[in-house]
Each structure stands twice: as structure tokens, then as C-alpha cells.
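Subject: Structure handover

Dear colleague,

Here is the structure I said I would pass on. My notes on the strands, sheets and cores follow below.

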Amino acid sequence: MVEISSVIPPGRRMIDGYPSGGFRISGGLFLGPTLVWPESQEPWSLQRIEDLTLAHLDPVRRIDPPVEVLLIGCGPRMVLLPSALRRQIREAGIGMDAMDTGAACRTFNVLISEGRRVAAALIPV
């Protein structure tokens with residue numbers, strides 16, 4: 001298991017670690033793919049990054065206030081998303097960056113500690 005620590009403003013979620021098959025978020029254990037944003041988290045319906053569609057990101061699109069950037073944790077390694085999907089995500093008004101899940105967790109915590117509006121869509125490692 002990988003441990004992550006950072007200074008997070010009160011009331012904000014922090015990704016404490018990403019044990020095999022899930023995530024520790026603000027002291028709770030969440031198994032399977034997970035969506036995280038500053039105030040909450042929920043299970044994510046996507047099981048494999050290769051199956052990602054714009055519809056899988058609908059929960060992120062409904063967050064109010066909106067997030068500035070979406071980090072997509074692709075699993076143990078970064079996956080280049082198809083250009084048509086990247087274009088659809090941009091056209092939907094979502095700033096997005098895909099990376100391996102560990103990097104997405106660390107980046108989420110850094111951006112949260114800076115007070116940014118960020119969300120993470122995470123596939124477990």
C-alpha cells in the first residue's frame with residue numbers, strides 16, 4: 001500500500017492511500033473505481049479505462065460549483081485516451097488530464113491543498 005500525506009483545508013477530501021483494489025479517502029476505505037471531489041466521493045461505474053465514454057463523466061459534470069480540472073487515474077499505467085473522446089470532454093467544458101492512478105492521487109492532494117476545485121476519476125491499481 002502507498003501512503004500519501006499533505007495539508008488539506010478543513011472539510012476537503014484527501015486521498016490517504018490507494019491499497020490494491022481501492023482507495024482510502026479521508027479515513028474511509030472505498031473499494032473499486034471511485035470519483036472524488038473536494039466535498040465528497042462516490043463509486044464510479046467504469047471498470048476498465050478502455051471503456052471510458054463521456055457518459056461515465058456525467059457525475060463530474062453535475063458537480064456544483066463546477067471543478068476546474070478532472071484527473072483521470074487510468075490504473076497502474078497512464079493510457080492515452082482516444083482523440084475523439086478527449087475532444088468530447090473538452091467540448092463538454094471539462095479540463096482533463098489522464099495519468100496513472102498513483103500520480104492522479106498525489107496531484108489531487110496537491111491541488112486540493114492549493115484550494116483548487118479538482119475532481120479525480122480513479123481506477124484502482
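In strand S8, Ala-119 is the bridge partner of Leu-70. Strands here are DSSP runs (E, at least two residues) and helices are too (H or I, at least four), numbered from the N terminus; two strands count as paired if DSSP finds at least two bridges between them. This is a predicted model, in which local features need pLDDT of at least 70, side-chain atom pairs count only at pLDDT 80 or more, and totals for chains, interfaces and linings use all residues. Residues are numbered from 1 along each chain as its sequence is written, and side-chain values use heavy atoms, with hydrogens and water left out.

S6 and S8 (residues 118-122) run parallel and are joined by five bridges. S6 (residues 69-73) is also parallel to S7 (residues 96-99), with four bridges between them; there, Leu-71 has Asp-97 as its bridge partner. Together with helix H2 (residues 83-91), S6 and S7 make a right-handed β-α-β unit. Right-handed means that, with the strands pointing away from the viewer, the path from the first strand over the helix to the second runs clockwise.

These strands belong to an open sheet of five, in the order S5-S4-S8-S6-S7, with mixed pairing. S5 (40-43) and S7 are at the edges with a single partner strand each, so one side of each has no neighbour in the sheet. On average, neighbouring strands of this sheet are turned by 15 degrees against each other, direction ignored (axes are lines fitted to C-alpha atoms, for helices over the stretch in contact; angles run from 0 to 180 degrees between N-to-C directions).

There is also an open sheet of three strands, S1-S2-S3, with antiparallel pairing. Its edge strands are S1 (15-17) and S3 (28-31), each pairing on one side only. Four bridges join S2 (residues 22-25) to S3, and Phe-23 stands opposite Phe-30 in S3.

Now the cores. A nonpolar core is a set of buried Ala, Val, Leu, Ile, Met, Phe, Trp, Tyr and Cys residues joined through side-chain atoms within 4.5 Å; buried means under 20% relative accessible area, exposed over 50%, partly exposed in between (1.4 Å probe, protein chains only). The largest has 23 residues, and Trp-44, Ile-49, Leu-52, Leu-70 and Ile-72 have the most contacts inside it. S4 (34-37), S6, H2 and S8 each supply at least two of its residues. A second, separate core of 17 residues includes Val-36, Leu-71, Met-99 and Ala-104.

Regards
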